[in-house]
Amino acid sequence: MVSSPFAISAVLLLSIPVLFLLAPRVLPPREIPIPPLDEADDLALFRRAAALDSARSGSNLPSSFAHLGATNPKLKIAFLFLTNSDLHFAPLWEQFFRGNEDLYNIYVHADPTAQVANPAGVFEDRFIEAKKTQRASPTLIAAARRLLATALLDDPYNSFFAILSQQCIPLHSFRFVHSTLFAPPRVNSALPVESTRMPVRLRYSSFIEILSNTSSLWKRYTARGRYAMLPEVPFSKFRVGSQFFILTRRHALVVVKDRRLWKKFKLPCWSSDSCYPEEHYFPTLLSMADPNGCTHYTLTRVNWTGSTHGHPHTYRPAEVSPELISRLRQSNSNHSYLFARKFSPDCLQPLMNIASTAIFRD
């Protein structure tokens, strides 16, 4: 038996490295838990959104599909802003939206603990009931779902849903963005004819990054434990991608109706350096639900060169120029990038200086 004070001290000293080694495995994760009352509120909101959309499906209001040759000038884009700081680029977005009031809606989810200022103009009174959020936690998934459900309920003509942050900027004019999203989509001849009065239907795609071959995929999958995601999400179905995407209405409904995958992705992670639920949940869910209905790439440009601690490059005022806007638009897909991040707040004036001559000149 260890009895002398010296021996006890030696044992304690020797145990310190062991504690550092085992602490991540035995101590609870540092993620913000989602309170049961918040979860209940969200579930009620999601059920209302799903039920109302089902009720509308039998009316003449827009559905998830567009009829061949039909045009509807009221089809809108819902811009969904996730933020935990002031909307520093509100003046730039104000200029972006000007003159297109019947073609968009804005919704802002602002972390209530951040005391985000409610700006005037197009963002005034567009803040939804929000909950606390934390990076690399399920709270960001919940916030995005909250935005989607609110937009689904608010306006039946919301047809595309773009998730953005306060550090995002537009790279084109509103008319360019709208025409890009509502360009004639691919024909889906696989749909049963009896599902519509017309023999052919058009099906829009969601612009969401879905990756299955990244080097960190297994590490991310096992962040909650080797078998924690089973049986709902086998490793072969696990995907990653950008948390900034544009969903069609039918895919927004898939997200708010989901219960099965959410119960897995809301589990706390034990390996914090590889746990980014907001980058895993949406690509995995939509890849499993409708892989052919997604482009598998995003329209929001992010520069990961020189990233630190999982954060992408932040553009500073000295970097802002028409040439930068031109480079950020370029992509490897059939579409130009429509948005970009992330920009520091002091980039506002340099961006405003080139707004009319570069950003909104398509």
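The model is predicted, so local features need pLDDT of at least 70 and side-chain atom pairs count only at pLDDT 80 or more, while totals for chains, interfaces and linings use all residues. Residues are numbered from 1 along each chain as its sequence is written, and side-chain values use heavy atoms, with hydrogens and water left out.

**Stop 1: helices α2 and α4**

Select residues 36-56, helix α2, together with residues 138-154, helix α4. Helices (H or I, at least four residues) and strands (E, at least two) are DSSP runs, numbered from the N terminus. The axes of α2 and α4 come within 9 Å and cross at roughly 35 degrees; axes are lines fitted to C-alpha atoms, for helices over the stretch in contact, and angles run from 0 to 180 degrees between N-to-C directions. Next, display the contact residues (heavy atoms within 4.5 Å). On α2 they include Leu45, Phe46 and Leu52, and on α4 they include Ala142, Ala149 and Leu153.

**Stop 2: from α4 to Arg126**

Select Asp154 in helix α4 and Arg126 in the loop between β3 (104-110) and α4. Their side chains form a salt bridge, at 3.8 Å from N to O. The term denotes a side-chain nitrogen of Lys or Arg within 4 Å of a carboxyl oxygen of Asp or Glu. Arg126 is partly exposed at 25% relative accessible area, and Asp154 is partly exposed at 44%. Buried means under 20% relative accessible area, exposed over 50%, and partly exposed in between (1.4 Å probe, protein chains only).

The structure holds 14 salt bridges. For a network of them, select Asp38, Asp41, Glu129 and Lys131.

**Stop 3: helix α7**

Move to residues 249-257, helix α7, where 7 of the 9 residues are buried. Among them are His251, Leu253 and Val256. Asp290 lies in the loop between α9 (281-289) and β10 (294-296), 40 residues from Arg250, and counts as buried at 13%.

**Stop 4: Glu232 and Lys264**

Finally, select Glu232 and Lys264, a salt bridge whose closest N and O atoms are 3.5 Å apart. Glu232 belongs to the loop between α6 (217-221) and β9 (246-248), whereas Lys264 belongs to helix α8 (residues 262-265). Glu232 is buried at 11% relative accessible area, and Lys264 counts as buried at 12%.
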